[in-house]
Amino acid sequence: QVQFVESGGGLVQPGGSLRLSCAASGSLFSVVAMAWFRQAPGKQRELVATISAGGSTNYVDSVKGRFTISRDNAKNTVYLQMDSLKPEDTAVYYCHADQVDTAYGPEYDYWGQGTQVTVSS
């Protein structure tokens with residue numbers, strides 16, 4: 001069974017930084033595309049950043065130049081470095097994997113449990 005576990009959330013002042021991690025565990029060989037989503041109270045979940053297996057990245061306009069998504073394929077881990085944080089970045093952040101290659105074949109649509117990020121003075 002494959003699981004994704006996030007860490008690194010917390011409370012930070014405006015202008016500060018946080019680094020989120022999402023590590024896959026279980027019987028898997030590799031993870032294809034990965035992404036970070038976030039959901040603020042009363043709002044729909046939104047896509048923040050994506051990274052392909054080859055390392056190509058995309059970002060929502062509101063975080064461009066402030067957030068950086070990266071991955072370590074050897075560790076099956078994806079990261080989100082968040083700098084110059086703003087109060088509007090406050091949300092629960094979720095990692096997502098489109099496809100995971102396992103000993104039993106490909107499996108799809110995995111989510112982490114979420115980690116809270118709060119930006120406040």
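This is a predicted model: local features need pLDDT of at least 70, side-chain atom pairs count only at pLDDT 80 or more; totals for chains, interfaces and linings use all residues.
**Disulfide**

I started with the cysteines and got a count of 1 disulfide, taking a disulfide as a pair of cysteine sulfur atoms within 2.5 Å. The pair is C22 and C95, with the sulfur atoms 1.9 Å apart. It ties together distant parts of the chain: C22 sits in strand β3 (residues 18-25) and C95 in strand β10, 73 residues apart. I checked burial too, and both C22 and C95 are buried (buried is under 20% relative accessible area, exposed over 50%, partly exposed in between, with a 1.4 Å probe and protein chains only). Strands here are DSSP runs of E with at least two residues, numbered from the N terminus.

Residues are numbered from 1 along each chain as its sequence is written, and side-chain values use heavy atoms, with hydrogens and water left out.

**Core**

Next I looked up the largest nonpolar core, which has 30 residues. I count a core as a set of buried Ala, Val, Leu, Ile, Met, Phe, Trp, Tyr and Cys residues joined through side-chain atoms within 4.5 Å. F4, W36, L80, M82 and Y93 have the most contacts inside this core. Which strand gives the largest share of the core? That is β10, with 5 residues.

I then followed F4. Leaving aside neighbours within four places in sequence, F4 is in contact (heavy atoms within 4.5 Å) with residues including C22, C95, V31, M34 and W111. So both cysteines of the disulfide are on the F4 contact list. In soluble globular proteins, nonpolar side chains tend to be buried together.

**R66**

Is R66 buried or exposed? R66 is buried, at a relative accessible area of 10%. I found R66 in the loop between β7 (57-59) and β8 (67-72). Beyond four places in sequence, R66 touches Q81, M82, D83, S84, L85, K86 and D89.

**T102**

T102 is in strand β10 (residues 91-102) and is buried, with a relative accessible area of 6%. I saw the T102 side chain reach the backbone nitrogen of Y104 at 3.0 Å, and a polar atom of that side chain lies 2.7 Å from the backbone oxygen of G105.

Technical notes
Helices (H or I, at least four residues) and strands (E, at least two) are DSSP runs, numbered from the N terminus. A polar contact is a pair of N or O atoms within 3.5 Å; within protein, one must be able to donate a hydrogen and the other to accept it, and residues adjacent in sequence count only if both atoms are side-chain atoms.
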